[in-house]
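User: I have a structure open and want to go through it piece by piece. Can you help me read it?

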Amino acid sequence: MKISVAMAYYNGGTYIEEQMDSILSQLGNQDEVIVSVDGASDGSEPILLNMEKKDCRIQVIKGPGKGVVKNFENAIRHCTGDIIYLSDQDDIWKPDKVKKVNAAFDNLEVKAILHDAEITDENGKATGAESLFALRKSKPGILKNLIKNSYVGCCMAFRKELIPVICPIPKEMYMHDYWIGTAADYMGQVCFLKDKLIGYRRHSSNVTQMTHGSIDFMVKKRIDIIRCLGLLKKRVREIG
């Protein structure tokens with residue numbers, strides 16, 4: 001299976017080299033890393049271009065500049081692999097991540113895979129906090145994840161057949177990972193692996209926060225998501 005890694009990038013120069021090294025060490029010569037860049041005003045553009053020059057598996061592309069969801073969508077649209085891994089710009093992949101996730105795809109009914117993650121500080125050291133699965137009470141199921149999303153993108157991989165279903169992502173959809181995980185739920189099975197296969201780095205610049213917004217915002221978000229699910233069901237029927 002050819003692997004594509006879809007990465008949404010925005011001013012991530014502090015951690016990108018460590019993260020990229022942890023990814024590339026697990027990929028084959030035919031695999032690729034698509035880096036969609038929404039901004040590099042932190043001076044990291046030379047770092048990205050140098051990485052692309054040194055390793056032909058890395059492709060740096062211009063992002064749409066419309067936020068993280070559309071940036072991930074842009075990266076996904078450029079992927080040519082059989083299995084798409086989502087990646088943040090600042091985490092660290094454990095050495096056996098790709099091997100264990102690919103093995104789970106031997107079950108052809110599995111359309112997407114989520115794995116657990118170890119919470120680390122900004123230096124990549126384990127904090128001793130509960131794992132991501134424990135914090136989010138992670139498990140599959142459309143209703144469960146509508147109430148509390150456990151489809152965390154940096155812990156997700158999915159089959160390429162989902163791409164025409166998930167793209168384009170509606171502008172009302174706040175979470176690309178919930179959208180992808182729910183599409184996989186509709187099309188087959190979502191597998192949850194208990195292995196902690198990344199170091200989930202928490203620092204002051206994280207886009208994804210560990211806390212929720214206001215109650216009003218959460219209610220509005222759920223209403224928008226429910227409206228989007230009708231479109232998702234329609235796409236699944238058309239593809240299927």
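This is a predicted model: local features need pLDDT of at least 70, side-chain atom pairs count only at pLDDT 80 or more; totals for chains, interfaces and linings use all residues.

User: Where does Ser131 lie?

Analyst: Ser131 is in the loop that runs between β6 (110-120) and α5 (132-136).

User: And what is Ser131 in contact with, leaving aside neighbours within four places in sequence?

Analyst: Asp116, Ala117 and Lys196.

User: New topic, the sheet. What is the order of its eight strands?

Analyst: The order is β3-β2-β1-β4-β7-β6-β8-β5. The sheet is open, and its pairing is mixed.

User: Which strands stand at the edges?

Analyst: Those are β3 (58-62) and β5 (92-93). Each has a single partner strand, so one side of each is left without a neighbour in the sheet.

User: What packs on the sheet over by β3?

Analyst: Helix α2, residues 45-54. It touches β1 (3-10) and β2 (32-39) as well as β3, and the direction of α2 makes about 140° with that of β3.

User: Back to pairing. In what sense do β4 and β7 pair, parallel or antiparallel?

Analyst: Antiparallel, over three bridges. Strand β4 covers residues 83-87 and strand β7 covers residues 156-159. As for individual residues, Tyr85 has Ala157 in β7 as its bridge partner.

User: What holds paired strands together in general?

Analyst: Strands of a sheet pair through backbone hydrogen bonds.

User: Ok, Ile163 next. Buried or exposed?

Analyst: Buried, because its relative accessibility is 17% and the cut-off is under 20%. Ile163 is found in helix α7, residues 163-166.

User: What does Ile163 touch, not counting residues up to four places away?

Analyst: Ile76, Ile84 and Phe158. Glu73 is 90 residues apart from Ile163 in sequence, while their C-alpha atoms are 9.3 Å apart in space.

User: What does the UniProt annotation say about residues 4-163?

Analyst: The record, an unreviewed entry, labels them "domain: Glycosyltransferase 2-like". In the model, the end C-alpha atoms of that span lie 12 Å apart, and the span is 31% helix and 26% strand.

User: Last one, α8. How many of its residues are buried?

Analyst: Ten of the twelve, so α8 is mostly covered. Among the buried ones are His176, Tyr178, Trp179 and Ile180.

User: And how far does α8 reach?

Analyst: Helix α8 (residues 176-187) reaches 17 Å from its first C-alpha to its last, close to the 16 Å expected at 1.5 Å a residue.

Note on methods: Residues are numbered from 1 along each chain as its sequence is written. Side-chain values use heavy atoms; hydrogens and water are left out. Two strands pair if DSSP finds at least two bridges between them. Helices (H or I, at least four residues) and strands (E, at least two) are DSSP runs, numbered from the N terminus. Contact means heavy atoms within 4.5 Å. Axes are lines fitted to C-alpha atoms, for helices over the stretch in contact, and angles run from 0 to 180 degrees between N-to-C directions. Buried means under 20% relative accessible area, exposed over 50%, partly exposed in between (1.4 Å probe, protein chains only). UniProt positions are given in the numbering used here, feature names are shortened, and annotations may be inferred rather than shown by experiment. The expected span of a helix is 1.5 Å times one less than its number of residues.
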